[in-house]
Amino acid sequence: MDDASSIGWLGLALSTILVVITIVLSLWRQLGLTREIVTACVRAAAQLAVVGLALGLVIDDDAPLVFSWIWIVGMVAFAAQSTQNRVGDRLSVRAVAAAAYGAATAAAIAVLFGLQVFPLEARALVPLAGMMVGNALGAVVLVAKRLIAEVDEHGDEVEARLALGLTARDAFAPHARRALRQALIPQIEKTKAVGIVFLPGAMVGLVLAGVDAQDAVLVQAAVMFLVLGSVAITATVMTLGVSRALFTPDHRLRRHFE
Amino acid sequence: MATELSGFTVDGVTQRRGGRITLDSVDLTIAASGITALIGRSGAGKSSLLRLLNGLDVPDAGTVRWHGVDLADLDMTEHRRRVAHVAQRAIPFDGTVADNLRVAAPTATDERVGDLLRQVGIAHLVEQDATTLSGGEAQRMCIARALVNEPEVILADEPTSALDPEARDGVESLAADIVGDGVAWVWVSHDAAQTRRLADRVVVMDEGRVLASGTTEQIADHAEPAVRRALED
């Protein structure tokens, strides 16, 4: 295990000592989470194994780039479904979420590959898109849930504005703004803390793989900006789409939209 | 069937909410002048009817017309400026009292805002944070906010029910003044004495139906005891 980029099966087996410690802590504090911990770890290992095999085919140097695009489309579709599952069945957000991830992916690809920040090859395209969609997922779910909560908690205020003749967009604007701010602030805070409070995954991976720290920092900074931009784009598109779904075309609030 | 073209015409309106019938085959005309009181017990359908008139809800069956035009055919934002709604509980928005008036009319001049606040008796509060107003002050501000777009009708859902007697008298006096300026009221009330003091016409509702409508005198002298009782304390 001299090469930090390849730990081998023994290395993986030894790392499960940390899982055992987690299980012991759960048992000691009587958290009742042992089963969940085991399930989560087995599931993660299985998912990564499958993804590893598939990713190997996609990012192989001889594989056509179209495989990467198909991978990204699948990732967006899966993220949209995952968003729907986490928001619940009260409001259909699948299509809006797909549009949000799609818009962010298109913008990110245009900047990073169109301006040749990274070379347009599967080895860069697939991981960067994954990083972007994965990080945006939390913000997208948060903004959707927050928008629904704004209707539940401040529906009277929204209707008071509608009753004065405001359009649905104007009547809901302060609430949409509040929800969007709440979704973006965690990512902004995370961006502020990077390098001081935590070393992000991409940088850790590059350093472990033996890349020069300075080069790793440059890549990580670009990735952080990618993630921040993606979170902002997806959360904004989601806010616009969900806000629209909460009202009828004649500017009535759908209070019972389930 | 209701046929009057001026004001509201409600034809065969039925509405269900949560499996319950809130309005049941309602036929009614409401003139766009004076003060029309909607009275009846809790759950009679008064507030539901008011929301339909403002276009915040649509009926499951039947039509609501404004000056003879089906609300479904109107630009709803424009309609709501013509028939402003004042809720039972005053809902101040963030910002000053002046900011609140400009939510409804962003281009309202300082002079216009000042005139309206003078009309409702709170001109001295123009720069005060609206969320710190007393109940009576906040309700007056909401009435000024409703007036800023010069509506023909104000739809008021028990606007004095949360106020003390002094504040209530002030709002009632203000309502009478506003009627004098040519603005009509449709006023939901639980208070028989207030209805007798204020209303020109009364609509008595019960369990989603209209029991009777007419002038206050006609309702007070109605042949049906249940209708007459609605105007008794």
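Colleague: Which residue stands opposite B:Asp206?
Modeller: In this predicted model, B:Asp206 has B:Arg209 of strand S10 in chain B opposite it.

Colleague: And how many bridges join S9(B) to S10(B)?
Modeller: There are 6 bridges between strand S9, residues 201-206 of chain B, and S10(B). The two strands run antiparallel.

Colleague: What is the strand order of the sheet?
Modeller: The order is S6-S7-S8-S3-S9-S10 in chain B. It is an open sheet of 6 strands with mixed pairing.

Colleague: Which strands are at the edges?
Modeller: Strand S6 (83-86) and strand S10 (209-215) of chain B are the edge strands, and each pairs on one side only. On average, neighbouring strands of this sheet are turned by 15° against each other, direction ignored.

Colleague: Turning to helices, at what angle do H5(B) and H6(B) pack?
Modeller: Helix H5 (residues 135-147) and helix H6 (residues 165-180) of chain B pack at about 15°, and their axes are 9 Å apart. Because angles under 35 degrees count as roughly parallel, H5(B) is roughly parallel to H6(B). The crossing is right-handed.

Colleague: Which residues meet there?
Modeller: From H5(B), B:Gly135, B:Gly136, B:Gln139, B:Arg140 and B:Ile143 meet B:Ala167, B:Gly170, B:Val171 and B:Leu174 of H6(B). This contact has 4 nonpolar, 4 polar and 1 charged residues.

Colleague: Finally, how many residues of chain A are in contact with chain B?
Modeller: On the chain A side there are 14, and they contact 18 residues of chain B. The chain A residues divide into 5 nonpolar, 3 polar and 6 charged.

Technical notes: Residues are numbered from 1 along each chain as its sequence is written. Chains are lettered from A and ligands numbered from 1 in the order in which they are written. This is a predicted model: local features need pLDDT of at least 70, side-chain atom pairs count only at pLDDT 80 or more; totals for chains, interfaces and linings use all residues. Two residues are in contact if their C-beta atoms, placed from the backbone, lie within 7 Å. Ala, Val, Leu, Ile, Met, Phe, Trp, Tyr, Cys and Pro count as nonpolar, Asp, Glu, Lys and Arg as charged, and the others, Gly among them, as polar. Two strands pair if DSSP finds at least two bridges between them. Helices (H or I, at least four residues) and strands (E, at least two) are DSSP runs, numbered from the N terminus. Axes are lines fitted to C-alpha atoms, for helices over the stretch in contact, and angles run from 0 to 180 degrees between N-to-C directions. Angles under 35 degrees count as roughly parallel, over 145 as roughly antiparallel, 65 to 115 as roughly perpendicular and the rest as oblique. A crossing is left-handed if the near helix is turned anticlockwise from the far one by less than a right angle, and right-handed if clockwise.
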